[in-house]
Protein chains: 2
Amino acid sequence: MITRLSTLFLRTLREDPADAEVPSHKLLVRAGYIRRVAPGVYSWLPLGLRTLKKIENVVREEMDRMGAQELSFPALLPREPYQTTNRWTEYGDALFRLKDRKSADYLLGPTHEELFTLTVKDLYSSYKDFPVILYQIQTKYRDEERPRAGILRGREFVMKDSYSFDMSDAGLDESYAKHRVAYQRVFDRLGVNYAICQATSGAMGGSASEEFLAISPTGEDTFVRSTEGNYAANVEAVVTQPGTPRPIDGQPEAQEYETPDAETMDTLLAWARSQNIHVDGRPVELSDTLKCLMVKITESGKEPQLTGILLPGDREADMKRLEAACEPATVELASEEDFAANPFLVKGYVGPRALADHDITVLADPRVVPGTSWITGADKKNHHIVGLVCGRDFQPDGTIEAAEIKEGDPAPEGMGTLTLERGIEIGHIFQLGRKYTEAFDVQILDENGKRSVPTMGSYGIGVSRLVAVLAEQRHDDKGLNWPVEVAPYPVHVVVANKDSAATEAAEQLVADLDAAGIDVLYDDRPKVSPGVKFKDAELLGMPYTVVFGRRYGDGVVELRERGGETTEISAAEITAAVLDILG
Amino acid sequence: MITRLSTLFLRTLREDPADAEVPSHKLLVRAGYIRRVAPGVYSWLPLGLRTLKKIENVVREEMDRMGAQELSFPALLPREPYQTTNRWTEYGDALFRLKDRKSADYLLGPTHEELFTLTVKDLYSSYKDFPVILYQIQTKYRDEERPRAGILRGREFVMKDSYSFDMSDAGLDESYAKHRVAYQRVFDRLGVNYAICQATSGAMGGSASEEFLAISPTGEDTFVRSTEGNYAANVEAVVTQPGTPRPIDGQPEAQEYETPDAETMDTLLAWARSQNIHVDGRPVELSDTLKCLMVKITESGKEPQLTGILLPGDREADMKRLEAACEPATVELASEEDFAANPFLVKGYVGPRALADHDITVLADPRVVPGTSWITGADKKNHHIVGLVCGRDFQPDGTIEAAEIKEGDPAPEGMGTLTLERGIEIGHIFQLGRKYTEAFDVQILDENGKRSVPTMGSYGIGVSRLVAVLAEQRHDDKGLNWPVEVAPYPVHVVVANKDSAATEAAEQLVADLDAAGIDVLYDDRPKVSPGVKFKDAELLGMPYTVVFGRRYGDGVVELRERGGETTEISAAEITAAVLDILG
């Protein structure tokens, strides 16, 4: 296919759009790939649509390769199945809801677990039908609170979502492993720089869950990587290396002090140093103080449970980590009313002893292990205790991951320390289990003629988001830079010489490439200056540009690799040279 | 690609779905192509999705061939542009409306004129940018009052819609002609049996408008074709052949009669015959009587205008034709109140004379021409006039197409008579003009530096509907029957012989065809009887089925053409035979 810039529906812009903050958004709009229609809702112009479709096809090929079967569910869905799973309500404001002319409730599908599950129930009844992996590449809708960054977080977007159905947990492991390989193939083919991060499996319990994060400073997700080895994890999924237990015997007795000016952890430390307090024979550190965060944890259908969370004083609580650790229960900070209702909780001076005295559950950071000695609140205003030893003076009811992760924290065994990075979620694979097959009572006859509920895996790729991710990772200050596999056109031919022989030669090259099955973007605009053409070529970002320019008279053309080298090539050999690279 | 029935996500049904009335709906559900999710909302299962995508690709190829450029607009659209064109209101209950979390109004796009127009306005400013033809293949939403027949009239469906933008009417003619050719190529490639029907251009005035109708007894649209030549038209667009004027001189004077028992056209005719009344020297016919239909015609922003419509007594009024003839004005029957307010209108006896006396506009059927003589109402109860001559005794203010079309009516010159047929609209091409470019004030600089408003063409193909249309036109009582170009698989291989050599030979054929780039549906199910496999093959409807059956032991396999011949072929030659047909 030959596309001529003289007729292509395109207008490149020199100015960034006013609402754009991240490079991919600016460049995709300026280069005429996408166009805003409403917040988080975009049109795909011809160049953008070509890249989107090519990404879809890479995903489709890899899904087909693993034996997944493509189907397509509607986006307009009736309320009932989402009522059954309670997601009609749970999704909150993020769900687009509407009524039809008969006032029946509908929604625009944010994800399709319900439909996949119901369709399998509808068609299949015997273990012989399993395993099966189904997928769709489809437009989804989520009413994001803050749609941002163009198509990076849109309200209408394209996803590949797939679900595996297996009769056994071992089968699910296989389906999961197949997806993991396929996803790596997809992202490798696309040339994305990504990490596979361990993720929390949330409400579903302890089964496998990994996120594929494209590494990018504009990412919304923070994750950690090890300085050695290839450990990577969501911040929520990082497991703290537990502290080393110490002997309790011989540790000095706990002692209460009046600490009038020690209302913060820093002033407490200053006070302790002024008292020349030592821990383990060294001067006291912030990490020797212990703070107690009061929260309420609510399990579904139960009363909120007041709980104390013990954290070393050098760490903030990370509410996202705490929430992930509590799932499926929800967690919130204790309110003024809670403190008022429990006068033994002295704000700013809560310590483990009062909690134990009043049968309040205490969950401790994993660093709080037997034999560790702490400076903590004495449960009365302006008083702290020094030398409160875990396992002697207090006994946590369990541990919890609630503390922030810091750059330099130890990585899992032998992998050095952790670095903090930012990423954009491009894929998620996840052992979902029987939540939906149980909700819809999917009963399958097993080998022994007994009814059995299949287990599911859930897998997603953000297809339209990948367009932005590639723009984000691969741009420079001049414009976009697509990998050959998904560039709208692998090659861009520019006529920048007024001699009609140059135009004829360019036309010949373009025709020859087209005949060889290579799509060409051809800048044949007669009245546009070479400078503008070059700027546009860099902005549009095809991987290779052939220029019939000043030196065409000497029989020489330029082959420019976007973001790379420019090579002068004999005009007679240019077709062969391009075919050599792309053929 | 080889798809094995042992693993394909498919369950064929022997029973018709309870809600299905037309063959395509029954068969597409029974054969596992589609599955109902809600009224007019369907899932596409693997086989159905393959055919849908193949139809999309045929459409895409022909659109690209004419130089149209593909883009893709969102389905979720803000209210504002549709407010500007008043379609937010005009669309009535057929529009799905919703609100986002900030209570902003959105709609699900039923058609995208607004977005195409705004995007052209956004990007283009000079005549040099034109002409341009843009298209998308996209999911559309209409809240149909009576979604019916599965995907034949759905509420979520796939359309190809395109718009041409030209600086001149001559340019629009060219863009229109290009679409007409492309549409014929699409429907010819798909093997649809269709007619191109002249259509009314409705509110837009007299420019070209044609519908492509697939001929089918289950169609909702009635159209006419000529017995000779290839004239075809929507019933609304048929132009009545006008009557032959006759000399007025020498015709007997009009005479009033008391006609006590002649309250219907039939009893009036009986009375006239009992009086031995002759017209043009022959006994009176029903077509010599003239009835007067009282209606109110309302132009936008004006008062309703009481109007008399004169029709020969042998024809009913066709309200759809009348409505089309009045557009953009609307028309309704005169009410009891209207008759009461105008006592000179004697119900059942209204004639042209009273209307003329009271300055009521009179529009006549084109058969009512000067010199024709009529038996009609005398404007008083139980009285008629005989011999009221047009051009002498009354003078219509104009003509109007309001009479029904009948089988056998004369076709346009030299084309014999008209037959009435039923069809399903699969395409519409339409000179839209400047309605939208004016509404959005699209100003383009022309060759002389003056501002000019481009003119648009509007063109649509019902892509998902075509799946149903092909099923409707090509099925038999055993199942579906796809043309090679859009069959999910061109060939279906069935093993129906328990000898393992037969299975090995089938596997070899399937592998050879796959290697030659031919996709194969392969019935490898080990425990399914030959009879069930044959029934499924007919139901699923691949164009060719190869059977490794009873006679495989003799070295013979069967090549079955769906709905055609079965040929016995030497097993050694079957690959070559299939490649010969499909390669």
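A:Thr51 is buried, with a relative accessible area of 0%. You'll find A:Thr51 in helix H2 (residues 46-65) of chain A. Keep in mind that what you're looking at is a predicted model. So what does A:Thr51 touch, once its neighbours within four places in sequence are left aside? The list is A:Tyr33, A:Val467, A:Trp482, A:Val486, A:Ala487 and A:Pro488.

Another buried residue in chain A is A:Arg562, at 11% relative accessibility. A:Arg562 sits in the loop between strand S31 (556-561) and strand S32 (566-570) of chain A. Its side chain reaches the backbone oxygen of A:Glu538 at 3.0 Å. Leaving aside neighbours within four places in sequence, A:Arg562 is in contact with several residues, among them A:Asp476, A:Lys478, A:Asn481 and A:Met542.

Most residues other than glycine have a negative phi, and most peptide bonds are trans. Here are some spots to look at with that in mind.

Take A:Asn276: its phi is near 60 degrees, a positive value in a residue other than glycine. A:Asn276 lies in the loop between helix H7 (265-274) and strand S15 (278-279) of chain A. Is A:Asn276 buried or exposed? A:Asn276 is exposed, with a relative accessible area of 56%. Then there's A:Asp441, which isn't a glycine but has a positive phi of about 55 degrees. Look for A:Asp441 in the loop between helix H11 (435-439) and strand S25 (444-445) of chain A. A:Asp441 counts as partly exposed, at 45% relative accessibility.

Now for the peptide bonds. In chain A, a cis bond joins A:Phe130 and A:Pro131, with omega about 0 degrees. In chain B, the bond from B:Phe130 to B:Pro131 is cis, with omega near 0 degrees. A:Pro131 is in the loop between helix H5 (113-123) and strand S8 (132-141) of chain A, and B:Pro131 is in the loop between helix H5 (113-123) and strand S8 (132-141) of chain B.

**A sheet in chain B**

Chain B has an open sheet of five strands, in the order S19-S17-S18-S20-S23, with mixed pairing. At the edges are strand S19 (330-333) and strand S23 (398-399) of chain B, and each of these pairs on one side only. Strand S17 (residues 290-298) of chain B pairs with S19(B) in the antiparallel sense, over four bridges. Which residue in S19(B) is the bridge partner of B:Ile297? That's B:Val331. Helix H8 (residues 319-326) of chain B packs on this sheet, touching S17, strand S18 (305-312) and S19 of chain B. The direction of H8 makes about 140 degrees with that of S19(B).

**Where the chains meet**

How many residues does each chain bring to the contact? Chain B gives 54 residues and chain A gives 54 residues. The area buried between chain B and chain A is about 4,700 Å², and carbon and sulfur atoms give 60% of this. On the chain B side, B:Phe9, B:Arg101 and B:Leu123 lose the most area to chain A, together 18% of what that side buries.

There are also seven salt bridges between chain B and chain A. One of them joins B:Arg11 to A:Asp129, with the closest N and O atoms 2.8 Å apart. Across the interface, 24 residue pairs are in polar contact. With five residues, H5(B) gives the most to the side of chain B that touches chain A.

**Salt bridges over the whole structure**

Side chains of opposite charge can pair when their charged atoms come close. Over all chains, there are 99 salt bridges. Here are some from chain B.

| Pair | Closest N to O distance |
|---|---|
| B:Asp524 and B:Arg4 | 3.5 Å |
| B:Arg246 and B:Asp280 | 2.4 Å |

B:Asp524 is buried at 18% relative accessible area, whereas B:Arg4 is partly exposed at 29%.

B:Glu256 is in strand S14 of chain B and B:Arg353 in helix H10 (residues 352-357) of chain B, so their bridge ties together parts 97 residues apart in sequence. B:Glu256 counts as partly exposed at 35% relative accessibility, and B:Arg353 counts as partly exposed at 33%.

Back in chain A, salt bridges that share partners join A:Glu61, A:Glu62, A:Arg65, A:Arg185, A:Arg189 and A:Glu485 into one network.

Notes
Residues are numbered from 1 along each chain as its sequence is written. Chains are lettered from A and ligands numbered from 1 in the order in which they are written. This is a predicted model: local features need pLDDT of at least 70, side-chain atom pairs count only at pLDDT 80 or more; totals for chains, interfaces and linings use all residues. Side-chain values use heavy atoms; hydrogens and water are left out. Helices (H or I, at least four residues) and strands (E, at least two) are DSSP runs, numbered from the N terminus. Buried means under 20% relative accessible area, exposed over 50%, partly exposed in between (1.4 Å probe, protein chains only). Contact means heavy atoms within 4.5 Å. Two strands pair if DSSP finds at least two bridges between them. Axes are lines fitted to C-alpha atoms, for helices over the stretch in contact, and angles run from 0 to 180 degrees between N-to-C directions. Buried area is the accessible area (1.4 Å probe) that two parts lose on being put together, summed over both. A salt bridge is a side-chain nitrogen of Lys or Arg within 4 Å of a carboxyl oxygen of Asp or Glu. A polar contact is a pair of N or O atoms within 3.5 Å; within protein, one must be able to donate a hydrogen and the other to accept it, and residues adjacent in sequence count only if both atoms are side-chain atoms.
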